Amino acid sequence: MLISFYICSAVAILATLLAIAGPSPMHSLLELIVSLLAVGLIFFTLGAPFAGILEVIVYAGAIMVLFVFVVMMLNLGDETVQQERSWLKPSAWVAPAILALILLAELMQLLLTRPEGTAFAGGKVVGATEVGMSLYGPYLLAVELGSMLLLAGLIAAFHLGRDPEGR
Amino acid sequence: MNSAEALIGTIPLSQGLMVAGILFALGLAGILIRRNLIYTLMCIEIMMNSAGLAFVVGASRWQQPDGQVMYLMILALAAAETSIALALVLQLYRRFRGLDIDAASRMKG
């Protein structure tokens, strides 16, 4: 099962390369999402399923969708339809689609051949229970500080995101 | 199961850290070569994500939950950073009608 780690790493690095080298922000965001999903699968193979789930839900699901929303907001205009048409060329979506398919095939293969109680790449699984016990035990102060950081982020985003002319 | 048994067939620490290092270097290169603000933020996300990957690799090596707790802290930091930075991007776009990062250097005050 060591090979799954290497496939995931290759997919993550390739997708990141495509993301930072592409000309269009929307395509780069989608390739970055593939890269984050690959890193999430790396977490699964390393025996950290809780971190992997959070990578998919929070990073690929929430943070990247926020990026996509902002890019879509900034692209309003008449040329948008024309742009969409030119973006749907096969050269634009073939590479991320192949990378995502590799990830899907690997996920299926891992689910079919999963050894009981051990991580895919060997070693012990450190699951959500242990992470939660640690989070609300010795790291309680860090959790409180993190919640204050998120509150500050919320207030700052609300304040900065307002339109000064009130439109 | 003693630790020697647990480590048979696992990924060496150095290879996990190599992947994290390569991802970090890619993010750094992206920041250096791109002038678009959206790309800069994306590359910051790549670098933070690679730091989290390094923490999880460490947690997997010592089979302790502490590394994953640090990963959760990085996740909260990234979420707060992204929301504020994207609000700033919206303001900058309203002011300069573009996402060129050099436009911000013309600001006064």
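Student: Which helices each supply at least two residues of the lining of the largest cavity?
Tutor: They are α2 (25-45) of chain A together with α3 (37-62) of chain B. Helices here are DSSP runs of H or I with at least four residues, strands are runs of E with at least two, and both are numbered from the N terminus. This is a predicted model, in which local features need pLDDT of at least 70 and side-chain atom pairs count only at pLDDT 80 or more, while totals for chains, interfaces and linings use all residues. Residues are numbered from 1 along each chain as its sequence is written, and side-chain values use heavy atoms, without hydrogens and water.

Student: Which element gives the most to that lining?
Tutor: α2(A) does, with 3 residues. A cavity is a set of points on a 1 Å grid over the protein atoms alone where a 1.4 Å probe fits but cannot get out, and lining residues have an atom within 4 Å of a point.

Student: How much space lies in it?
Tutor: About 30 Å³. The volume is the space filled by probe spheres set on the grid points, which are joined across faces, edges and corners.

Student: What classes of residue line it?
Tutor: There are 4 nonpolar, 3 polar and no charged residues. Ala, Val, Leu, Ile, Met, Phe, Trp, Tyr, Cys and Pro count as nonpolar, Asp, Glu, Lys and Arg as charged, and the others, Gly among them, as polar.

Student: Changing topic, is A:V131 buried or exposed?
Tutor: A:V131 is buried, because its relative accessible area is 0%; buried means under 20%, exposed over 50%, and partly exposed in between, with a 1.4 Å probe and protein chains only. This residue lies in helix α6 of chain A.

Student: What is A:V131 in contact with, leaving aside its neighbours within four places in sequence?
Tutor: A:V131 is in contact with A:F50 and A:V126, and also with B:P65, B:Q68, B:V69 and B:L72. Contact means heavy atoms within 4.5 Å.

Student: And A:M64, on the same terms?
Tutor: Leaving aside such neighbours, A:M64 is in contact with A:L29, A:L32, A:I33, A:L36, A:Y59 and B:E45.

Student: Finally, how many helices and strands does chain B have?
Tutor: Chain B has 4 helices and 0 strands. Of its 109 residues, 49% count as buried.

Conventions:
Chains are lettered from A and ligands numbered from 1 in the order in which they are written. On a 1 Å grid over the protein atoms alone, a cavity is a set of points where a 1.4 Å probe fits but cannot get out, and a pocket is an open set with protein on both sides within 12 Å along at least five of seven lines; lining residues have an atom within 4 Å of a point.
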